[in-house]
Amino acid sequence: MPLALGSFHPSCSHHDDTASARPRFRRNRANPPAVMLMLFTSGPLRWRSTPVQDVGPLPVRTPAPDRPAVFIGQDGTLVDDLPYNTDPALLRFKPDAVDALKALSAEGFALLVVTHQSGLARGYVTRSQFARLQGALEARLREAGVVLLDSLVCPHAPAPDGRPSCLCRKPAPGLLVRAARRHGIDLVRSWMVGHTLDDIEAGHRAGCRTLLLGGDAAESPRLTPLRHPDARCDGWDAVAQRITPMPAEPPAT
Ligand SMILES: [Zn+2]
């Protein structure tokens, strides 16, 4: 069989012991199985056999970002942090959080929760348990007059050394960027509110201003600029006063 395949190459004409007497194409015509084998094993046909994968619809984009938002961390920022909690009855909002969200909404900010839920990847929480918990949180906010535009979730676990293993776990900005593309959010006029320096870094990496809630995060002169918050508040009661909307257009000179 290699002899037949090689006969198509000019440098392999020595395989044909009668090459000087016969044109090469006659040898090819005389060996049709070899020709067919080459055609069916060559690139294009093999490539066509690759199954086509459905990657789903492309993300919806709005024409231009035109609204400011406040991105809010969930566990430890908006509600008490109970690791891997699955019971909606245990949800406790931080003091003054709901009133602050109402005030921010009245100022024209869209409100979005951005949260890690590595319990999903670790198998501690099922998707249905998490959906029930998140539904209860949104329902309780709605009853209080606060509507969340969206909740964005990183379901991945970090790497063994604690570093993010995906592009959506804070301090990576993936959740904020995805939300901006989905909802037409102007990140420059938006804020990230969180209680950890990873929240702050994610907000800065997305292009937002940032507010660190609570005094627990360590002060360190070695903090990179990305982890320096633009504002600090001890509690939610001061957040709405600290966050002010930026004008959509620069003032005329
Ligand atoms: Zn992730």
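The model is predicted; local features need pLDDT of at least 70, side-chain atom pairs count only at pLDDT 80 or more, and totals for chains, interfaces and linings use all residues. Residues are numbered from 1 along each chain as its sequence is written.

The protein contains ten helices and six strands (DSSP runs, H or I of at least four residues and E of at least two, numbered from the N terminus). Of its 253 residues, 26% are buried (20 or more other C-beta atoms within 10 Å of the residue's own, with C-beta atoms placed from the backbone). Contacts are pairs of residues whose C-beta atoms, placed from the backbone, lie within 7 Å. Among contacts between residues at least 6 apart in sequence, 63% join residues at least 24 apart.

Seven of the seven residues of E2 are buried. Ala-110, Leu-112, Val-114 and His-116 point one way, and Leu-111, Val-113 and Thr-115 the other. Beyond its neighbours within four places in sequence, Leu-112 contacts residues including Phe-71, Leu-149 and Ala-179.

E2 pairs with two strands (pairing requires at least two DSSP bridges). Strand E1 (residues 69-73) runs parallel to E2, joined by five bridges. Here Ile-72 partners Val-113. Strand E3 (residues 150-154) also pairs with E2 in the parallel sense, over five bridges. Thr-115 stands opposite Val-153 there.

Conventions
A residue is buried if 20 or more other C-beta atoms lie within 10 Å of its own, exposed if 12 or fewer, and partly exposed in between; C-beta atoms are placed from the backbone. Two residues are in contact if their C-beta atoms, placed from the backbone, lie within 7 Å.
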